[in-house]
Number of protein chains: 2
Amino acid sequence: MSDVTDRPVWRSVDGEPLSADSDALVVEEPLEIRCGGEAVSVTMRTPGHDRELALGFLVSEGVLADPASVRDIVQSAGGPAANVIDVRPAPGVTLDLARLTRHVFTSSSCGLCGKTAIEAVHHHLPPLDDDVMVNAFTLLSLPAVLRFHQTAFARTGGLHAAAVFDPNGSLVVLREDVGRHNAVDKVLGYGFAAGLLPWCGHILLVSGRASFEIVQKALAARIPTVAAVSAPSSLAVSFADESNQTLVGFLRGERLNVYTHPRRIYFAD
Amino acid sequence: MSDVTDRPVWRSVDGEPLSADSDALVVEEPLEIRCGGEAVSVTMRTPGHDRELALGFLVSEGVLADPASVRDIVQSAGGPAANVIDVRPAPGVTLDLARLTRHVFTSSSCGLCGKTAIEAVHHHLPPLDDDVMVNAFTLLSLPAVLRFHQTAFARTGGLHAAAVFDPNGSLVVLREDVGRHNAVDKVLGYGFAAGLLPWCGHILLVSGRASFEIVQKALAARIPTVAAVSAPSSLAVSFADESNQTLVGFLRGERLNVYTHPRRIYFAD
């Protein structure tokens, strides 16, 4: 399946009457993720890299940690069945589906708040414990790389992007999706399948805002530095703070804001 | 609870070393929505207008249609318990929780695709059947109104907005949230609680992109015209097309793109 599709459009500019044209739109389709045959999530995603999306989702939920625990991934090649993907565990492996975040949340009977949400994640994804540093000038160079590789966004204006860079600022992987969390899951799934995790000293950059969910997914991949082109939320900051992650926001032009653990940032040409 | 919170920040501009400051961040906290005591959803939202959020969520999922079916809404005033809200049905009313979209999707055993997702929604939310028109110049005037009222966005850069306008372009309600779908749910919940639904001839405007979910929520409120400041997805267009909704994208400056049912748009000063 393609990530971009052409559709009719009627345009008006400067109050002129509508004129028929066509427009490139980002494709959005549901994907049902199954684990050993059991449906665990339905997400609206941009088709492509579905195997990475399914793996990354399960990694970020703490269900998968070892590539050897996966026997295979089953997805039909076309038709509606291509929107169902099943990650099947290796023989003898039992995956703990109860770890899925949604379950963690909805089984909480004593109320929940940001603090308990953070504790629930740290129960299976402990905070980082490293003294990795990152050069501010490396960070400042990353948004231009992101934009350069955002091919589908350039055509549609409708896609989020997530990318992982190594400590020197070299691009490791970039993925686009109509959903920001899906773009991050695809990036994680790539790293998981390629045996690259944990991503010590690496940097996750997202094209938009940084929410709790984004920083949590970075922690699952053990990424110490999370950067966003736009604003972080309060819970993203609280989570990064307690997870020993450096959270950078408004990374654009010649500026950046550091919201947590600025000790990691240094300035050297 | 507040929708904006101040946090420490370390800023760097033009490669200068970090300097400590403070920054206003949008608040993100989980909300567990219950229906008659049963947990039906956990969403990361910006606190405030939680009753509207819960009602709007249930309206958009097809669970609630009549304000008289709600006995009361229970939420603690403070502490973590304030992040749990329970919509309790009136005596004798049984709400059909199986209608929840997530259930519709995950119980589908024969695969799923955009087409089946649309059919699943139309099963409980039929397409519109009206001949309402909308003035293009009215549409072009709306983004400025949205920006003027986006007070929290102006302070944080981290919020989505959704607003409903009447057929003359007068603002009925505007809500902001860290999640776009939450902003739309809050708007719907306001209309539901105030007895304003169905919103015949009205316009829904969202600050960002238009996804399947946004257009579906508009249909639940019977809104015929959905406008987005940014791009629509392919499935948003397919859904609007089959639901007899006019979907407008890239509504900004002096331009607009009409993706479905342009018959509703006319030009008159």
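# Salt bridges and the A–B contact

B:Asp72 and B:Arg88 make a salt bridge, with their closest N and O atoms 2.8 Å apart. That pair ties together distant parts of the chain: B:Asp72 sits in strand E5 (residues 70–75) of chain B, B:Arg88 in strand E6 (residues 84–89) of chain B, and the two are 16 residues apart. Keep in mind that this is a predicted model. Searching the whole structure turns up 20 salt bridges over all chains, yet the count between chain A and chain B is zero.

- Over in chain A, A:Arg88 forms a salt bridge with A:Asp72, and here the closest N and O atoms are 2.8 Å apart.
- This pair also links distant parts of its chain, since A:Arg88 belongs to strand E6 (residues 84–89) of chain A and A:Asp72 to strand E5 (residues 70–75) of chain A, 16 residues apart.
- A:Arg88 comes out as partly exposed at a relative accessible area of 28%, and A:Asp72 is partly exposed at 27% relative accessibility.

- A:Lys186 forms a salt bridge with A:Asp177, the closest N and O atoms being 2.7 Å apart.
- Are these two partners buried or exposed? A:Lys186 is buried, at 1% relative accessibility, and A:Asp177 is buried as well, at 0%.
- The cut-off for buried is under 20% relative accessible area, so A:Lys186 at 1% qualifies, and so does A:Asp177 at 0%.

**Where chain A meets chain B**

- The contact draws on 70 residues from chain A and 68 residues from chain B.
- About 5,300 Å² is buried between chain A and chain B, with carbon and sulfur atoms giving 60% of that area.
- What you do get between chain A and chain B is 23 residue pairs in polar contact, both residues being at pLDDT 80 or more.
- Which element gives the most to the side of chain A that touches chain B? That's strand E1 (residues 4–13) of chain A, with eight residues.
- By residue type, the side of chain A that touches chain B splits into 36 nonpolar, 20 polar and 14 charged.

**Strand pairing between the chains**

- E1(A) pairs with strand E13 (residues 255–258) of chain B in the antiparallel sense, over four bridges.
- Within this pairing, A:Trp10 stands opposite B:Val258 in E13(B).

**Around B:Thr138**

- B:Thr138 is found in helix H4 (residues 136–149) of chain B.
- With a relative accessible area of 14%, B:Thr138 is buried, because the cut-off for that label is under 20%.
- Leaving aside residues up to four places away in sequence, B:Thr138 touches B:Pro167, B:Asn168, B:Gly169 and B:Ile203.
- For one of these, B:Gly169, the C-alpha atom is separated from that of B:Thr138 by 5.7 Å, with the two residues 31 apart along the chain.

Note on methods
Residues are numbered from 1 along each chain as its sequence is written. Chains are lettered from A and ligands numbered from 1 in the order in which they are written. This is a predicted model: local features need pLDDT of at least 70, side-chain atom pairs count only at pLDDT 80 or more; totals for chains, interfaces and linings use all residues. Side-chain values use heavy atoms; hydrogens and water are left out. Contact means heavy atoms within 4.5 Å. Buried area is the accessible area (1.4 Å probe) that two parts lose on being put together, summed over both. A salt bridge is a side-chain nitrogen of Lys or Arg within 4 Å of a carboxyl oxygen of Asp or Glu. A polar contact is a pair of N or O atoms within 3.5 Å; within protein, one must be able to donate a hydrogen and the other to accept it, and residues adjacent in sequence count only if both atoms are side-chain atoms. Ala, Val, Leu, Ile, Met, Phe, Trp, Tyr, Cys and Pro count as nonpolar, Asp, Glu, Lys and Arg as charged, and the others, Gly among them, as polar. Two strands pair if DSSP finds at least two bridges between them. Buried means under 20% relative accessible area, exposed over 50%, partly exposed in between (1.4 Å probe, protein chains only).
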